[in-house]
Amino acid sequence: FHILKNKNKKLPPGPKGIPILGHLHLLGKNPHQNLHILSKKHGPIMYMKFGFIPHIIVSSPQAAQQFLKTHDLVFSSRPPHEACKHISYEQTNLSFAPYGHYWRNMRKLCTLELLSNLKINSFQHMRKEELNLLVDSIKRYAKERGVVNLSAKVSFLTAEMSCRMVFGRKYEDKDINEKGFRGVLQEVMKLAILPNLGDYFPVLRKFDFQGLTRRMKNVSGVIDDFFEKIIDEHVGDGINEERSKDFVDTMMDIMKSGKTEFQFDRRHVKAVMLDMFAASADTSAATIEWTLTELIKNPKAMQRVQKELEQVVTLNKIVEESDLERLDYLNMVIKEALRLHPVAPLMLPHYSTEDCTINGYHIPKESRVIINAFAIGRDPKAWNEPEKFIPERFIGSNVDLRGQHFELLPFGSGRRSCPGMQLGLIVARLVVAQLVHCFDWELPNEMLAEELDMSEEFGLVITRACNLMVVPTYRLI
Ligand code: HEM
């Protein structure tokens, strides 16, 4: 009946698929880039099938506005996802919960209790401490003219910050199992992005040919034990006045109060713990890594940021969070880096809960909708010289990062947009500002800026394919 009813409706255009696989073979190693190339030929709303599952790929600001604003309600859900089912407690986390009563309440809880300005500010001191440790360690390299693996340093820093904010203290690798804390989390992120045949061919789900379900069950068991241990530590530990309440404290208070209008027990606390840690650490690290890369590649922009810092902060002080609002050029630099390198370039998948018509095309119910923020940020109709890094393009422009301007969507837009934007931006701005204020950066072995490798490594979060290796010189008085 459904097929007959929709027989004469026009689906969006798309490339030719092959039997069974559909278009899966076209995704390649860097799906955001390949989908961008395909959209140049087939248009900003493409219909593709990955296995048996229909996908709609959205690649222009105008089209994104239709999906994320005009018809926001139809596309605010998330599709069923094998990895999240196992790792995120049956998709009870905020990121992958289907749209509805539970998600709305969970979103309210996270926004008001965990990601409010008040809460974010309560961790200001912790961020400063962690960043000072990084600056001290880089100073040691500067003394010896050593080469720093800046990618690794930044990734370590943001993981430590997220650990303290979410779990209340830092954990060492040995605290979880022989793979180590970072190893286990990397496995989670990898499993979440690996193409799982069960997602594209639901009939194959129970056979688990790739062994992914087994791996997911194993890793989720390890994480569950670890989170249980953290929660037990919190239950036994009265908060002392010096320590601000971490996310686990706050959620345990809410759970114990029994005041939520929805079921909120230990399982939900654990789902949000993983959500908040995974969503905050890598996204901020990748934003910092790409911004520093672009600044090193564009010495004029680097000099301009450093000049601004000299004027606003001065060379005998380090950057404080209170300085950030006055660093106009730095804020343009971050915007421009996020335009060229949206660190979650395909966002998280959206899911249509009803049939819908957009630009005359039929968008079937239960389609997965992929918004390609990477293609949107490079759309030549929206941006002059889109491939170039030009922070000055934002002078006098009112385009911001909040998702009201559909040509710039690194944090998404509408109901499912990123609730951690404020926090992510504070961390990225603070770390970039501090690192370029405290140090001059050179590429090793007389490498020229234009020789810097810009290859990307696709994942839930896009990082540089090779680490950013640089030689620091301390510049404060
Ligand atoms: C620079 C850093 C960050 C970037 C670029 C970023 C980007 C994004 C994007 C693109 C989405 C998907 C939007 C969509 O599907 O429409 C998202 C969702 C989300 N982000 Fe972020 N994010 C960042 C930092 C953070 C931080 C610090 C947190 C929390 C501690 C966070 C928590 C979340 C959550 C929970 C969701 C899912 C929201 C939902 O489905 O309702 N993010 N983020």
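This is a predicted model: local features need pLDDT of at least 70, side-chain atom pairs count only at pLDDT 80 or more; totals for chains, interfaces and linings use all residues.
In which sense do E4 and strand E7 pair, parallel or antiparallel, and over how many bridges? The two strands, of which E7 covers residues 368–371, pair in the antiparallel sense over 2 bridges. Within this pair, His350 has Val369 of E7 as its bridge partner.

E4 and E7 belong to an open sheet of 4 strands, whose order is E1-E2-E7-E4 and whose pairing is mixed. The edges of this sheet are taken by E1 and strand E4 (350–351); each has a single partner strand, so one side of each is left without a neighbour in the sheet.

The partner of E1 can be followed in detail. E1 is joined by 6 bridges to strand E2 (residues 53–58), and the two run antiparallel. Met48 stands opposite His55 of E2. E1 and E2 form a hairpin with 2 residues between the strands, and in this hairpin Gly51 takes a positive phi near 65°.

Positive phi values also occur elsewhere in the model. Most residues other than glycine have a negative phi. Ile20, although not a glycine, has a positive phi of about 65°. This residue lies in the loop between helix H1 (2–5) and helix H2 (31–42). Ile20 has 11 C-beta neighbours inside 10 Å, and it therefore counts as exposed. Gln91 is another residue other than glycine with a positive phi, in this case near 55°. Its place is in the loop between helix H4 (82–87) and helix H5 (101–114). Is Gln91 buried or exposed? Gln91 counts as buried, because it has 21 C-beta neighbours inside 10 Å.

A further open sheet consists of 3 strands in the order E3-E11-E8, with antiparallel pairing. Its edge strands are E3 (148–149) and E8 (439–442), each of which pairs on one side only. Between E8 and strand E11 (residues 469–474), which run antiparallel, there are 4 bridges. Phe439 stands opposite Tyr474 in E11.

Leaving out residues up to four places away in sequence, Ile296 touches Met302, Trp441, Leu443, Ala449, Leu452 and Val470. Ile296 and Ala449 are 153 residues apart along the chain, yet their C-alpha atoms are separated by 6.6 Å. With 19 C-beta neighbours inside 10 Å, Ile296 counts as partly exposed, because a residue is classed as buried at 20 or more.

The chain may now be considered as a whole. It contains 17 helices and 11 strands. Its radius of gyration is 23 Å, close to the 23 Å that the globule rule gives for 477 residues, so the chain is as compact as a globular protein of that length. The C-alpha trace spans about 75 × 55 × 40 Å along its principal axes. Of the 477 residues, 42% count as buried. Among contacts between residues at least 6 apart in sequence, 74% join residues at least 24 apart.

The model also holds a ligand. Of the 26 residues around the ligand, Ala279, Gly412, Cys418, Gly420 and Gly424 come nearest. Helix H13 (266–297) and helix H17 (421–438) each supply at least two residues of the shell around the ligand. Which helix gives the most to the shell? H13 does, with 7 residues. The residues of the shell divide into 14 nonpolar, 9 polar and 3 charged.

The UniProt annotation "binding site", from an unreviewed entry, covers Cys418. In the model, Cys418 is found in the loop between helix H16 (373–377) and H17. Cys418 counts as buried because it has 22 C-beta neighbours inside 10 Å. Apart from neighbours within four places in sequence, Cys418 is in contact with Phe411 and Gly412.

Note on methods: Residues are numbered from 1 along each chain as its sequence is written. A residue is near a molecule or strand if its C-beta atom, placed from the backbone, lies within 6 Å of it. Ala, Val, Leu, Ile, Met, Phe, Trp, Tyr, Cys and Pro count as nonpolar, Asp, Glu, Lys and Arg as charged, and the others, Gly among them, as polar. The radius of gyration is taken over C-alpha atoms; the globule rule is 2.2 Å times the number of residues to the power 0.38. A residue is buried if 20 or more other C-beta atoms lie within 10 Å of its own, exposed if 12 or fewer, and partly exposed in between; C-beta atoms are placed from the backbone. Two residues are in contact if their C-beta atoms, placed from the backbone, lie within 7 Å. UniProt positions are given in the numbering used here, feature names are shortened, and annotations may be inferred rather than shown by experiment. Two strands pair if DSSP finds at least two bridges between them.
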